[in-house]
Amino acid sequence: MTSRESTRAIETIGIVGTGAMGRGIAQIASLSGLTVRLFDTNPAAVGAARDYLADTFAKLTSKGKLDDAKARAALACVSGAESLAAFADCDLVIEAILEKLDVKRELFRELEGIVGETCVLASNTSSLSITAIAAGCSRPERVAGFHFFNPVPLMKVVEVIDGLRGDRAAGDALMDLARRVGHTPVRAKDMPGFIVNHAGRGMNTEGLRVAGEGVASFADIDRIMREQAGFRLGPFELLDLTALDVSHPVMESIYHQFYEEPRFRPSPITATRLAGGLIGRKAGEGFYAYPDGKQQVEAVAPAPTALPARVWVSRQHPEAREALLPIIAKTGVPLDESATPAADALIVVTPFGTDATTAAVEEQLDARRVVAIDTLFPVAEAQRRTLMTTPATTRAARDAAHALFAHDGVPVTVIRDSAGFVAQRVAATIVNIGCDIAQQQIATPEDIDLAVTLGLGYPKGPLALGDALGAATILTILRNMTAVLGDPRYRPSPWLARRAQLGLSLTQGDAADAPDGAAQ
């Protein structure tokens, strides 16, 4: 196939590999009326896959989620293939086999001698280069990535990846097919991690970094990301769900494929736990224990109740200060309005990207009475608030601040000093990596956000999240974290820095690239 040749409509699909991914793809394809042929080097696996589909369709029918006639028709669309020769008239062949480059290349070379001229060859790889797979073919232009997520019927996004020598028509055909089977396709250049696994580095690697610095426990980090930042799962719940035997190799692979890019640096925490077999839910123990399959979390101690005599709030960030005043007013604790804190006042600071120590030193405050509060996400309506102490903060000051900000019943987590708290640094890292995906033109801003919301279940895509929190604020957080920690992992993406400085949306491309007359 070349760009000058038309791609025939895809009606017959061959699937090589009948594991979870192969079965899932066969399910959605057959339910859409496509003819599906299954092949596996283990002949018994083909029969098992068809039995699995029959059982799945029967369960869906019994629950009223699938019409009986449609279930029978879908199952009739699926047949087993005794050899690859049965794929001779297929319009598309999808491989869903083990993640080994040499094995995939050999399969595609063999398929080239069987399928017709217009047949598209697609790989469901999650981590290997499509260009590298296609390099073993005499006609690499018809090879593309077609990366589904597990479980395929429920995860409604699929990445379509164009190799360097790929013909765009092959990707176009896969985009159309994805929509036909009820999925949302997103398009990506051939780069490590594509979109979803690339963007997903922010949550997990930064959560591990926070834990590695001793800032907070695994459970507290998860609580903050769920209840303060609004994510469905925290990083350690997510790692337990995907399992470290899957997640840790991906973290290492992407880090090395990007030539040790600091943003993707893995953690020895996961390496050690993987070696010890503490890999997650499926092993019964990971970052949490799972007796009887249920996550076990230690109970949280009740909040202190002794309020401070008075409270002084920094004016360094006026909007943050204003957000705290109604909460304080409800407690009845007097507000110290003086330019410098009274001797008996609790001192509250609201840093963005710096730690409580830096805030205390820069504002020349008594670090023994300083407690920082994270105001990046709305604190008045929050389901959780995060406080942070300096190494010098007294227990009395810490407990008084805890009582003050938990007085209205909102749970409070107190962490050790950290540049960027927890939610700030994780959210800023997610946004920054998403911005760099856009900067590298791996995918469009729209597809980046679509892929992340559908593939990772985040409340917003990274670019939309940056807009919601304020691009200028995220830029400030990253610059301050870089200054405090001296780690290049927090250096801002040019995409973020330029748009923040110009007051542009992070979802907006360059104005000069827009069609004439298009609104910006």
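1. Helices, here H or I runs of at least four residues, and strands, E runs of at least two, are DSSP runs numbered from the N terminus, and the expected span of a helix is 1.5 Å times one less than its number of residues. This is a predicted model, in which local features need pLDDT of at least 70 and side-chain atom pairs count only at pLDDT 80 or more, while totals for chains, interfaces and linings use all residues. Residues are numbered from 1 along each chain as its sequence is written, and side-chain values use heavy atoms, with hydrogens and water left out.

2. Helix α13 (residues 318-331) has 14 residues and reaches 21 Å from its first C-alpha to its last, close to the 20 Å expected at 1.5 Å a residue. Just after α13, Gly332 takes a positive phi of about 80 degrees.

3. The buried residues of α13 are Ala320, Arg321, Leu324, Leu325, Ile327, Ile328 and Thr331, where buried means under 20% relative accessible area, exposed over 50% and partly exposed in between (1.4 Å probe, protein chains only). These residues pack against β9 (310-313), β10 (345-349), β11 (370-373), β12 (385-389) and α15 (395-406), contact meaning heavy atoms within 4.5 Å.

4. β12 pairs with β11 in the antiparallel sense over three bridges, Ile373 standing opposite Leu387, and with strand β13 (residues 412-415) in the parallel sense over four bridges, where the bridge partner of Arg385 is Val412. Pairing requires that DSSP find at least two bridges between the two strands.

5. Strand β5 (residues 120-123) is likewise covered on both faces, with Val120 and Ala122 buried on one side and Leu121 and Ser123 buried on the other. Four bridges join strand β4 (residues 92-95) to β5 in a parallel arrangement, and the bridge partner of Glu95 in β5 is Ser123.

6. Which residues touch the most other members of the largest nonpolar core? They are Phe87, Val93 and Val422, in a core of 103 residues, such a core being a set of buried Ala, Val, Leu, Ile, Met, Phe, Trp, Tyr and Cys residues joined through side-chain atoms within 4.5 Å. Helix α16 (residues 423-439) gives the most to this core, with 10 residues. A second, separate core of 38 residues includes Val36, Leu38, Leu174 and Leu177. Leaving aside residues up to four places away in sequence, Val93 touches Gly14, Val16, Phe87, Leu111, Val115, Cys119, Val120, Leu121 and Ala122.

7. Helix α8 (residues 201-212) has 12 residues, and its end C-alpha atoms are 16 Å apart, in agreement with the 16 Å that it should span at 1.5 Å a residue. The helix is mostly covered, 10 of its 12 residues being buried, among them Arg201, Asn204 and Glu206. After α8 comes Gly214, whose phi is positive, near 70 degrees.

8. Ala443, in the loop between α16 and α17 (445-456), counts as buried at 9% relative accessibility. Its C-alpha is 7.3 Å in space from that of Ile195, although the two are 248 residues apart in sequence. Apart from residues up to four places away in sequence, Ala443 touches Arg187, Ile195, Ile437, Ala438 and Ile448.

9. Some backbone details deserve a look. Phe194, in the loop between β8 (184-189) and α7 (196-199), has a positive phi near 50 degrees and is buried at 1% relative accessible area. Gln364, in the loop between α14 (356-362) and β11, has a positive phi near 55 degrees but is exposed, at 74%. A cis peptide bond, with omega about -5 degrees, joins Asn150 and Pro151.

10. A search of the whole structure finds zero disulfides, a disulfide being a pair of cysteine sulfur atoms within 2.5 Å. For Cys77, the closest cysteine sulfur is that of Cys90, at 13 Å, which is too far for a bond.
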